[in-house]
Amino acid sequence: METQKNEAFALAAEHNNLGPIRQWLTIWAGEVEIERRLDLAARRRNAEHAVHTLDKDDPAWRAAMDELLAVVNEAREATA
């Protein structure tokens with residue numbers, strides 16, 4: 001996250017635009033929401049485990065990727 005923050009601030013300064021900082025804050029807020037909510041954190045851990053252990057041809061792999069996206073979306077909606 002520190003590297004992403006530094007990149008966002010550098011881009012914002014380079015382009016004289018706060019957009020990259022806003023985007024980074026959205027991502028950061030979502031990560032904080034996931035970590036503070038045990039249900040979201042557990043769902044993400046389980047989905048990440050499946051993604052890293054299943055074969056990409058396994059339909060469960062696609063379901064795990066969909067679950068990861070659902071967790072991120074739920075966290076971002078909660079922080080919007």
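**View 1. The largest nonpolar core of this predicted model.** Six residues make up this core: Ala47, Ala50, Val51, Trp61, Ala64 and Leu68. Helix 3 (38-53) and helix 4 (59-79) are the elements that give two or more residues to the core.

**View 2. Tryptophan 61 and its contacts.** Residues up to four places away in sequence are not counted here. Beyond them, tryptophan 61 touches Ala50, Val51, Leu54, Asp55 and Lys56.

**View 3. Glutamate 33 in helix 2.** Helix 2 spans residues 19-36. Glutamate 33 has a relative accessible area of 7%, so it counts as buried. Its contacts, leaving aside neighbours within four places in sequence, are Leu40, Ala75, Ala78 and Thr79.

**View 4. The salt bridge of glutamate 35 with arginine 44.** The closest N and O atoms are 2.7 Å apart. Glutamate 35 is exposed, at 51% relative accessibility. Arginine 44 is buried, at 12%.

**View 5. Arginine 37 meets glutamate 74.** Their side chains form a salt bridge, 2.8 Å from N to O. Arginine 37 sits in the loop between helix 2 and helix 3, and glutamate 74 in helix 4. The two are 37 residues apart, so the pair links distant parts of the chain. Glutamate 74 is partly exposed, at 29% relative accessibility.

**View 6. Arginine 43 and glutamate 67.** The closest N and O atoms of this salt bridge are 2.6 Å apart. Arginine 43 lies in helix 3 and glutamate 67 in helix 4, so the pair ties together parts 24 residues apart in sequence. Both are partly exposed: arginine 43 at 24%, glutamate 67 at 25%. Shared partners join Glu33, Arg36, Arg37, Asp39, Arg43, Glu67 and Glu74 into one network of salt bridges.

Conventions: Residues are numbered from 1 along each chain as its sequence is written. This is a predicted model: local features need pLDDT of at least 70, side-chain atom pairs count only at pLDDT 80 or more; totals for chains, interfaces and linings use all residues. Side-chain values use heavy atoms; hydrogens and water are left out. Helices (H or I, at least four residues) and strands (E, at least two) are DSSP runs, numbered from the N terminus. Buried means under 20% relative accessible area, exposed over 50%, partly exposed in between (1.4 Å probe, protein chains only). Contact means heavy atoms within 4.5 Å. A nonpolar core is a set of buried Ala, Val, Leu, Ile, Met, Phe, Trp, Tyr and Cys residues joined through side-chain atoms within 4.5 Å. A salt bridge is a side-chain nitrogen of Lys or Arg within 4 Å of a carboxyl oxygen of Asp or Glu.
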